[in-house]
Amino acid sequence: SSGINAEYGLAPITTTLSDVVKHINNILPTQAIFVGHSLENDLKCLKLYHNKVIDTATIYSSGKGASFKPGLRFLAMRHLKAKIQDSANGHDPSEDAMTCMRLVKLKVKKGPKFGMTPSGTDNSLSVYLTKQSKTGVFIDKPIIAQQHCRGLAQALPAGTDQIGMELLLRRLSAKSEFYWLHLYKLEQIYRSCTTIHDMINNPDLIPALTYIDESIKSIYAHLPADTLLMVYSGCSGYWKKPQFNGSDDALKKLMHNIVAQVRRGLLFIKVKN
């Protein structure tokens with residue numbers, strides 16, 4: 001947890017993970033509603049299942065697209081006009097918990113659409129193509145694939161280029177009308193560099209571009225006619241440490257600039273005649 005380490009008194013603690021799980025089960029009634037932020041990781045680590053959960057990371061949107069979860073600090077500032085997680089010692093768990101409760105109460109008061117990006121502004125490619133009655137396959141990171149698993153688009157999670165290529169080549173026989181594939185090699189180079197100069201001079205750059213080129217050639221050779229192919233190289237890193245002065249306008253401008261930079265990447269689009 002944030003702010004907890006040996007220096008702050010963790011060293012002499014003998015409580016084990018199983019002790020923690022047992023304690024939580026004892027104090028959490030079956031019918032209780034479990035409220036928190038991005039709870040899936042906590043529940044997974046605790047190996048805990050609870051069927052009544054309200055997660056503020058899912059009932060509110062970030063405004064940056066379906067693939068981005070909003071941070072609790074961001075939600076507190078935007079909807080509660082409250083500044084939290086501002087201590088050099090890390091997060092205050094009680095402050096985080098109370099903030100989540102305030103956000104849930106606000107949601108109940110304002111209604112289910114409050115704090116969510118209007119559906120009319122959803123620019124998801126899968127939504128657009130589904131509206132055109134097109135069938136397709138999205139192969140991407142698990143969290144991205146989940147966002148596109150709707151309508152006529154089939155989403156397949158792939159964490160590596162090898163898995164992604166194998167999935168796509170196997171799916172070509174289904175004769176969908178479009179295919180989306182995320183290749184990671186170039187993105188990995190982006191994220192390993194601290195400046196644009198480092199990226200350009202990275203010895204792995206040319207081999208990565210060559211790999212992408214050969215992969216596209218291989219896919220295209222097996223692609224059925226009248227099919228749209230999209231191969232995405234991934235997003236870049238954000239090399240400049242963000243500065244934030246706390247105002248809503250400054251936050252929006254900062255996030256707009258960060259999103260614009262990290263979205264830089266290569267997208268190859270081709271319709272096979």
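Student: Where does Gln 85 lie?

Tutor: Gln 85 lies in the loop between helix 4 (72–80) and helix 5 (93–110), where helices are DSSP runs of H or I with at least four residues, strands are runs of E with at least two, and both are numbered from the N terminus. Please keep in mind that this is a predicted model, in which local features need pLDDT of at least 70 and side-chain atom pairs count only at pLDDT 80 or more, while totals for chains, interfaces and linings use all residues. Residues are numbered from 1 along each chain as its sequence is written, and side-chain values use heavy atoms, with hydrogens and water left out.

Student: Why is Gln 85 called buried?

Tutor: Buried means under 20% relative accessible area, exposed means over 50%, and partly exposed lies in between, with a 1.4 Å probe and protein chains only. Gln 85 has a relative accessibility of 18%, and therefore counts as buried. Its backbone also shows a positive phi of about 55 degrees, although Gln 85 is not a glycine.

Student: What makes Lys 47 exposed?

Tutor: The relative accessible area of Lys 47 is 76%, so this residue is exposed. Lys 47 is found in the loop between helix 2 (39–46) and strand 2 (53–55), and it has a positive phi of about 55 degrees although it is not a glycine.

Student: Why does the pair of Lys 134 and Glu 177 count as a salt bridge at 3.9 Å, N to O?

Tutor: The cut-off is within 4 Å, so the 3.9 Å between Lys 134 and Glu 177 meets it. Lys 134 lies in the loop between helix 6 (125–131) and strand 3 (136–140), and Glu 177 in the loop between helix 8 (161–171) and strand 5 (178–182), so this pair ties together parts that are 43 residues apart in sequence.

Student: What is the relative accessibility of each partner in the salt bridge of Lys 141 and Glu 187?

Tutor: These side chains meet at 3.1 Å, N to O, with Lys 141 in the loop between strand 3 and helix 7 (142–147) and Glu 187 in helix 9, 46 residues apart. Lys 141 has 26% relative accessibility and therefore counts as partly exposed, whereas Glu 187, at 3%, counts as buried.

Student: Why is helix 9 called roughly antiparallel to helix 11?

Tutor: The axes of helix 9 (residues 185–192) and helix 11 (residues 205–222) come within 8 Å and cross at roughly 155 degrees. Angles under 35 degrees count as roughly parallel, over 145 as roughly antiparallel, 65 to 115 as roughly perpendicular and the rest as oblique, so helix 9 is roughly antiparallel to helix 11.

Key
Axes are lines fitted to C-alpha atoms, for helices over the stretch in contact, and angles run from 0 to 180 degrees between N-to-C directions.
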